[in-house]
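Thanks for coming. I have one structure to go through today, so please look at the sequence and the model on the screen while I talk.

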Amino acid sequence: ASIAEGDWWLAGSRDDSFVWRWPDGTVFWRGGPDGMSEPGVFVYWKVGEPNNASTTLPGPERCVAITPAEDWNDRVCGILLPYVCERTPQRP
């Protein structure tokens, strides 16, 4: 596996039809760079993304990473990156 400096994994991924979902099944994007977000859903793709064109590893880019600029990039899922977790806040 390759390492991409500065990016962090988010939990989003796509299927073969380029439908992007979060782990709970919520669709947030349909298509490539000219695709569309679902109504009322936050997306922040880097300009020209998701483009399914890896310069790091061969293969399809099916997973979402956040970049140092805090925008999103689709990446080959086999890249070694730290990851961001979501958790429910606990009341004191």
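I'll start with strand β6, where both faces are covered: Trp72 and Asp74 are buried on one side, and Asn73 and Arg75 are buried on the other. Buried here means under 20% relative accessible area, exposed means over 50%, and partly exposed is in between, with a 1.4 Å probe and protein chains only. Strands are DSSP runs of E with at least two residues, and helices are runs of H or I with at least four, both numbered from the N terminus.

A word on the source. This is a predicted model, in which local features need pLDDT of at least 70 and side-chain atom pairs count only at pLDDT 80 or more, while totals for chains, interfaces and linings use all residues. Residues are numbered from 1 along each chain as its sequence is written, and side-chain values use heavy atoms, with hydrogens and water left out.

Now the sheet. It is open, has six strands in the order β4-β3-β2-β1-β5-β6, and its pairing is antiparallel. The edges are β4, residues 36-37, and β6; each has a single partner strand, so one side of each has no neighbour in the sheet. Two strands count as paired if DSSP finds at least two bridges between them.

β5 and β6 run antiparallel and are joined by four bridges. Within that pair, Ala65 stands opposite Asn73, and Cys63 stands opposite Arg75. The two strands form a hairpin with five residues between them, and Glu70 in the turn has a positive phi of about 70°. On to strand β1, residues 8-14, which is antiparallel to β5 and joined to that strand by three bridges. There, Trp8 has Ile66 as its bridge partner, and Trp9 stands opposite Ala65.

Leaving aside neighbours within four places in sequence, Thr67 is in contact with Gly6, Asp7 and Asn73, where contact means heavy atoms within 4.5 Å.

Asp7 comes up again with Pro82. Pro82 is in the segment after β6 and is partly exposed, at 37% relative accessible area. Not counting residues up to four places away in sequence, Pro82 touches Asp7, Trp8 and Trp9. The C-alpha atoms of Pro82 and Trp8 are 5.1 Å apart, although the two residues are separated by 74 residues along the chain.

Next, the cysteines. Which of them form a disulfide? The pair is Cys63 and Cys77, with sulfur atoms 1.9 Å apart; the cut-off for a disulfide is cysteine sulfur atoms within 2.5 Å. The link is right-handed, with 100° about the S-S bond. Cys63 lies in β5 and Cys77 in the segment after β6, so the pair ties together parts 14 residues apart in sequence. Cys63 is buried at 16% relative accessibility, whereas Cys77 is partly exposed at 36%.

Cys85 is exposed, at 60%.

Last, the aromatics. The whole structure has nine aromatic pairs. Rings of Phe, Tyr and Trp (its six-membered ring) pair if their centres lie within 6.5 Å; planes under 30 degrees apart are stacked, over 60 edge-to-face, and the rest tilted. Trp20 and Trp45 have ring centres 5.1 Å apart and planes at 65°, so that pair is edge-to-face. Trp20 is in strand β2, residues 19-21, and Trp45 is in the loop between β4 and β5, so the pair ties together parts 25 residues apart in sequence. Trp20 is buried at 0%, and Trp45 is buried at 11%. Trp22 and Phe28 are stacked, at 4.2 Å centre to centre and 25° between the planes. Trp22 is partly exposed at 24%, while Phe28 is buried at 0%.
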